[in-house]
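Okay, thanks for coming, everyone.

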Amino acid sequence: MSSVEQSDEALFRHFRSGDNGAFEMLYQRYRQTVYLFLLRSCSEQGDAEEIYQDVWSRIITTTQPFQEGSFRAYIFRIARNLLIDRYRRNRLTMVKDDHALAEVADSDKTLEEKIEEQDCSDRLKQHLTNLPAEQREVFLLKEEAGLSLVQIASMIDVGRETVKSRLRYALKQLRNLLEDCL
Amino acid sequence: MNKSHKLTDDPQLSALYRAGRKEQPTEVTDQLILNEARKVTSRRRSRWIVPLSSAALLLLGVGLTLPLIELPYESSQGFEKPTLPIQESYPEEDLYLKKAPAPAAQASAPALPKSLRERSTNADSSPATRRKALSPKMRPSATTALEEMSGAEVQAFDAKGVELTPEAWLNQIEVLIQSNQHQSAKHQLQQFRTRYPDYPLPDAVELWLIEN
């Protein structure tokens, strides 16, 4: 069985046994999603980069055995904890997303459509940073991390109904603000 | 209140969010992380090398040392085997030793004095009987040769006799006894005793010693 077909958990176990190839596979799977989760949660790209490295450093050097649950939940829990630590320490403030515009890859669309889509995407990012932290967190854990209701509730240590309510508010607010894009 | 286990979904908002997923970590960051992982995995792999190679070395050492320890132990057990320096001198004797039955030995010893012959045949399992069976073929030829020996030749035989196997040497002594060369037999026996003090003598030789 090749490592492409292996689960995240199996890859992580292989890595813990000394298989560097398993780690590279795992890294490719989570590279962007962890980075975006941090980037959308942080005010500064530099902070996101720093926390991103810390997350992987924790994954690499951890000596505690990986017992249960999914690797996905495990890595996003680490990311969230480091984010909270950093937020408390530096009292980070959420600012507008000032990253350079990324190139739009879809070549089937007209230039106008591309610009419009880019504009909507930027507005979503901006409104996302303006959401209350609890709502943004639930939104990102669902959309970026792809975690389930149970996993999110367990991670942030609140009831399932609270998670659902926070997400409902976040979606409602974003939909109102981006009505012309949807 | 909605009690389902699913989160509220907004496909349009999700699509818009996914469309904006363009940013990626820099290559420098990627390399830093991958290098750190490489270092850790190589450390984890080498963690097994030292104890594994130590165990292998220990096994090898024990395997090589054990036979060396057993060798002196075996050699110290019981009777010290005499050296067989001229074993190659009697190759057919060894063959005969394995095949020849005891009666054949009796038949091929016509020159043995009657009294000696009778006594020696009484003890079939005695070392003498066995020893007679060792080289019955050799004995007649040796007898003839010794009968023709001069004094000088006996001296030469003495010098050679030191190199004989104990069995062959005793056979030569028996032949000397049979051919009534008692002085030479005594001389040879003395030398034999000096060299192999604990080696058992054949009954015939012992009887001859008592009688003389």
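Let's start with one cysteine. A:Cys42 counts as buried because its relative accessibility is 5%; buried here means under 20% relative accessible area, exposed means over 50%, and partly exposed is anything in between, with a 1.4 Å probe and protein chains only.

Quick housekeeping. This is a predicted model, so local features need pLDDT of at least 70 and side-chain atom pairs count only at pLDDT 80 or more, while totals for chains, interfaces and linings use all residues. Residues are numbered from 1 along each chain as its sequence is written, chains are lettered from A and ligands numbered from 1 in the order in which they are written, and side-chain values use heavy atoms, leaving out hydrogens and water.

How confident is the predictor? pLDDT is its confidence in each residue, from 0 to 100, and chain A averages 84, with 87% of the residues scoring at least 70. The stretch to watch is residues 94-105 of chain A, where pLDDT stays under 50. The model does have 24 contacts for that stretch beyond four places in sequence, a contact being heavy atoms within 4.5 Å. Where pLDDT is low, though, the predicted coordinates should not be read in detail.

Now the overall build. Chain A has eight helices and zero strands; helices are DSSP runs of H or I with at least four residues, strands are runs of E with at least two, and both are numbered from the N terminus. Of the 182 residues in chain A, 46% are buried. If you take contacts in chain A between residues at least 6 apart in sequence, 63% of them join residues at least 24 apart.

Back to cysteines. How many disulfides are there over all chains? A search of the whole structure finds one, counting a pair of cysteine sulfur atoms within 2.5 Å as a disulfide. The partners are A:Cys120 and A:Cys181, with their sulfurs 2.0 Å apart. This pair links distant parts of the chain: A:Cys120 sits in helix α5 (residues 111-130), A:Cys181 in the segment after α8 (160-177), and they are 61 residues apart. The link is left-handed, with -90° about the S-S bond. A:Cys120 counts as buried, because its relative accessibility is 6%.

On to charges. Over all chains the count is 14 salt bridges, where a salt bridge is a side-chain nitrogen of Lys or Arg within 4 Å of a carboxyl oxygen of Asp or Glu. One of them pairs A:Arg86 with A:Asp47, at 3.4 Å from N to O. That one also spans the chain, from A:Arg86 in helix α4 (residues 71-90) to A:Asp47 in helix α3 (residues 45-61), 39 residues apart. A:Arg86 is buried at 5%, and A:Asp47 is buried at 14%.

Then there's A:Lys142, which meets A:Glu143 with the closest N and O atoms 3.0 Å apart. A:Lys142 is buried at 16%, and A:Glu143 is buried at 13%. A:Lys142 also forms a salt bridge with B:Asp9, closest N and O atoms 2.9 Å apart. This pair crosses between chains, from B:Asp9 in the segment before α1 (11-19) of chain B to A:Lys142 in helix α6 (residues 133-143) of chain A. B:Asp9, at 52%, counts as exposed. And salt bridges that share partners join A:Arg40, A:Lys125 and B:Glu23 into one network.

How values were computed: pLDDT is the predictor's confidence in each residue, from 0 to 100.
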